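Colleague: I'm new to this one. Can you walk me through it?
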Amino acid sequence: MTMQPASTEITSRTVAIIQEMKGLEGPLLPILHGIQKEFGHVPKDALPVIAEALNISRAEVHGVVSFYHDYRSHPAGRHVLKLCQAESCQSMGSDAIAAKLKQLLGIGFHETTRDGSVTLEPVYCLGLCACSPAAMLDGEVIGRLNDEKLDEIVAEVRS
């Protein structure tokens with residue numbers, strides 16, 4: 001388990017990211033990406049700092065963070081496994097794949113294994129509809145998932 005940075009450290013690092021990106025057109029999303037890259041998630045303590053710097057409400061910042069599934073409120077595991085749950089993948093068996101994956105990892109969607117090795121997230125289209133069902137492991141897409149590929153993925157994230 002990783003230690004959370006102290007609130008003053010979060011604030012100072014957030015301010016630095018904001019200063020770097022505040023001049024961009026539509027700076028909120030780049031700032032949030034920068035903060036998530038810095039911390040591995042978007043800490044709750046960063047939201048009021050962003051809101052004040054951009055002269056928007058905390059509710060607006062929270063709304064953006066909670067709307068986009070790529071932003072996390074807690075640190076992810078060492079690996080992030082995203083499993084497509086869109087219609088094409090569902091029609092090709094992603095529900096069964098998800099059930100097996102959850103059983104193999106011992107976690108559900110939006111959860112991280114106890115050892116911190118992997119976070120499992122649902123996504124709604126990876127653009128691999130012709131290769132359904134699909135997943136993305138640490139930014140690398142994997143198509144035509146089957147039991148053998150699931151076993152390989154689990155072995156990789158557990159190593």
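Predicted model: local features only at pLDDT ≥ 70, side-chain atom pairs only at ≥ 80, totals over all residues.

Colleague: Fine. What does the secondary structure come to?

Modeller: The protein chain has seven helices and five strands. From the N terminus, the order is α-α-α-α-β-α-α-β-β-β-β-α.

Colleague: And what box do the C-alpha atoms fill?

Modeller: Roughly 50 × 30 × 20 Å, along the principal axes. Of the 159 residues, 42% count as buried.

Colleague: Let's do the sheet. What order do the strands take?

Modeller: The order is β2-β3-β1-β4-β5, in an open sheet with mixed pairing.

Colleague: Which strands stand at the edges?

Modeller: β2 (111-112) and β5 (140-142). Each has a single partner strand, so one side of each is left without a neighbour in the sheet.

Colleague: How does β5 pair with β4, parallel or antiparallel?

Modeller: Antiparallel, over three bridges; β4 covers residues 135-137. Within that pairing, M136 has V141 in β5 as its bridge partner.

Colleague: Which strands does helix α6 lie across?

Modeller: Helix α6 (residues 94-105) lies across β1 (79-84) and β3 (118-123). The helix runs at about 155° to β1.

Colleague: Switching to charges. How many salt bridges are there?

Modeller: Seven. One of them joins E121 and R72, with the closest N and O atoms 3.1 Å apart.

Colleague: Why does that pair tie together parts of the chain?

Modeller: Because E121 lies in strand β3 and R72 in the loop between α4 (58-67) and β1, 49 residues apart in sequence.

Colleague: Are those two buried or exposed?

Modeller: Both E121 and R72 are buried.

Colleague: What does K100 form a salt bridge with?

Modeller: With D151, at 3.9 Å between the closest N and O atoms. K100 is in helix α6 and D151 in helix α7 (residues 147-158), so the pair ties together parts 51 residues apart in sequence. K100 counts as partly exposed, at 24% relative accessibility. D151 is also partly exposed, at 41%.

Colleague: And D115, what is its partner?

Modeller: R158, with the closest N and O atoms 3.3 Å apart. D115 sits in the loop between β2 and β3, and R158 in helix α7, 43 residues away.

Colleague: Which residues are linked in a salt-bridge network?

Modeller: E9, R13 and E38.

Colleague: Last topic. What makes the nonpolar surface patch?

Modeller: L29, F67 and Y68, over about 320 Å². L29 belongs to helix α2 (residues 28-39). At 33% relative accessibility, L29 counts as partly exposed.

Conventions: Residues numbered from 1 in each chain as written. Heavy atoms only, no water. Pairing = 2+ DSSP bridges. Helix = DSSP H or I, 4+ residues; strand = E, 2+ residues; numbered from the N terminus. Contact = heavy atoms within 4.5 Å. Axes fitted to C-alpha atoms, helices over the stretch in contact; angles between N-to-C directions. Patch = residues over 30% accessible without salt bridge, like charges linked within 9 Å, V, L, I, M, F, W, Y side chains within 5 Å. Areas by Shrake-Rupley, 256 points an atom, 1.4 Å probe, with all protein chains shown as cover. Salt bridge = Lys/Arg side-chain N within 4 Å of Asp/Glu carboxyl O. Buried < 20%, exposed > 50% of the residue type's maximum accessible area, 1.4 Å probe, protein only.
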